[in-house]
Amino acid sequence: MSSDDERDEKELDLTSPEVVTKHKSAAEIVNKALQVVLAECKPGAKIVDICEKGDAFIKEQTGNMYKNAKKKIDRGVAFPTCVSVNNVVGHFSPLAGDESVLEEGDMVKIDMGCHIDGFIALVGHTHVLQEGPVTGRKADVIAAANTAAEVALRLVRPGKKNHAVTEAIQKVSEAYDCKIVEGVISHQMKQNVIDGSKSFLSVSTPETRVDDAEFEENEVYAIDIVASTGDGKPKLLDEKQTTIYRKDESIHYQLKMKASRSLISEVKENFPHMPFTSRSLEEKRARLGLVECVNHGHLQPYPVLYEKPGDFVAQIKFTVLLMPNGSDKITSHTLQELQPTKTIDDPEIKGWLALGIKKKKGGGKKKKAKNAGEASTEAEPMEASSNAEA
């Protein structure tokens, strides 16, 4: 009995096969949920309906798991489904009354997450609502985000430093004549922690800093790259569009309003660790209590930011497990065909992309491993007619 208690006290990581299984099960569900959401993304579709379908799919799928477990296992949405269009940077998951619809040619960013027992899998994908290959600056910005994410995947490995990844991402975006959006941070994830203390910036600015860190085996990261054809300095246009929040467990300020206290009780009960959308709260009470809860730090908002009209913003996000045998990217979706106007000629970027993500087998087995599909771990820079994975 006491050894079980000790095991519960110990921080669980990828050394536990059960933890790996839970991350991968969450990933399988969120990858399928992304396909469900993509199928709904058509001209004329209401964005709020699409977001609700994504969340409902994750709840349904996770609800079927661990039904007979002796101990209650929390599971469900780890990050609410967001559908952000064109120059919207992210976090757009509107309330029920919102009438926003998708249009032909829109660049759609889908961002969502699933967790099982607090073990998280996040994914972000960009798709243009059109037939045929994506061309011009739309193709450039998707290729910039995707290639930067693939480089990051190869540099987020045990023994490497976080600041080296930031510099590499910056170099890739410049090759496509795009900007990496400021303020986007890729975080380590742990059980019930979506934004762990180890992290790296996509672009360093005087306003945003993260502590120096070295990646280690058995860690989990959400690599999140957001690129723009604009200046990469997004603005908040309307605070009322913010609908996603996360409870800050370190804040103990005594709230004055009854509605605020009631709201926090509801959040503690239903969303103690993961971000949630105010759509999932009792709406009238939520509106009354949200302002005080945000103003005093109980709830951390995920604001809806914008680049300038006419700019295009692309996002690629995936979850990677730093396993002893190499990196395991567990969430992704294949990109539609891209025909960017730029090509990657820089030998350093090509060198990063040529790095494998799995460790090579020793002792003369290299050829065999390659024939068995090991070569697929090498990425190509996104050039004309490229169709690499996100």
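**Helix packing and local backbone features**

The crossing of helix 4 and helix 5 is right-handed. In this predicted model, helix 4 spans residues 136–155 and helix 5 spans residues 162–175, and the two pack at an angle of about 155° with their axes 9 Å apart. Angles over 145 degrees count as roughly antiparallel, and helix 4 and helix 5 are therefore roughly antiparallel to each other. On the side of helix 4, the contact is made by Ala-144, Thr-147, Ala-148, Val-151, Ala-152 and Leu-155. Helix 5 contributes Ala-164, Val-165, Ala-168, Ile-169 and Val-172. By class, this contact of helix 4 with helix 5 has ten nonpolar residues, one polar residue and no charged residues.

Helix 4 also packs against helix 8 (residues 347–354), here at an angle of about 60° and with the axes 8 Å apart. That angle makes helix 4 oblique to helix 8. Helix 4 passes helix 8 in a left-handed crossing. The residues in contact are Thr-147, Glu-150, Val-151, Arg-154 and Leu-155 of helix 4, together with Ile-349, Trp-352 and Leu-353 of helix 8. Five nonpolar, one polar and two charged residues make up the contact of helix 4 with helix 8. Thr-147, Val-151 and Leu-155 of helix 4 take part in the contact with helix 5 and also in the contact with helix 8.

A further helix pair is formed by helix 2 (residues 17–40) and helix 3 (residues 47–63), which pack at an angle of about 150° with their axes 9 Å apart. Helix 2 and helix 3 are therefore roughly antiparallel to each other, and helix 2 passes helix 3 in a right-handed crossing. From helix 2, the contact involves Ile-29, Val-30, Lys-32, Ala-33, Val-36, Val-37 and Glu-40. From helix 3, it involves Ile-50, Lys-53, Gly-54, Phe-57, Ile-58, Gln-61 and Thr-62. In the contact of helix 2 with helix 3, eight residues are nonpolar, three are polar and three are charged.

Two residues were examined for their backbone angles. Most residues other than glycine have a negative phi. Asp-117, by contrast, has a positive phi, near 60°, and is not a glycine. Asp-117 is placed in the loop between strand 2 (107–116) and strand 3 (119–128). Buried means under 20% relative accessible area, so Asp-117, at 19% relative accessibility, counts as buried. Asn-218, likewise not a glycine, has a positive phi of about 70°. Its place is in the loop between strand 7 (199–201) and strand 8 (220–228). With a relative accessible area of 14%, Asn-218 is buried.

Within the strands, His-187 lies in strand 6 (residues 185–189). The C-alpha atoms of His-187 and Ile-223 are 7.1 Å apart in space, while the two residues are 36 residues apart in sequence. Leaving aside residues up to four places away in sequence, His-187 touches Ile-194, Asp-195, Gly-196, Lys-198, Ser-199, Val-220, Tyr-221 and Ala-222.

Over the whole protein chain, nine helices and 16 strands are present. Of its 390 residues, 52% count as buried. Among contacts in the chain with a separation of 6 or more, 78% are accounted for by residues 24 or more positions apart. The accessible surface of the protein chain comes to about 18300 Å², and 49% of this surface belongs to carbon and sulfur atoms.

Technical notes:
Residues numbered from 1 in each chain as written. Predicted model: local features only at pLDDT ≥ 70, side-chain atom pairs only at ≥ 80, totals over all residues. Heavy atoms only, no water. Axes fitted to C-alpha atoms, helices over the stretch in contact; angles between N-to-C directions. Helix = DSSP H or I, 4+ residues; strand = E, 2+ residues; numbered from the N terminus. Parallel < 35°, antiparallel > 145°, perpendicular 65-115°, else oblique. Left-handed = near helix turned anticlockwise from the far one by under 90°. Contact = heavy atoms within 4.5 Å. Nonpolar A, V, L, I, M, F, W, Y, C, P; charged D, E, K, R; others polar. Buried < 20%, exposed > 50% of the residue type's maximum accessible area, 1.4 Å probe, protein only. Areas by Shrake-Rupley, 256 points an atom, 1.4 Å probe, with all protein chains shown as cover.
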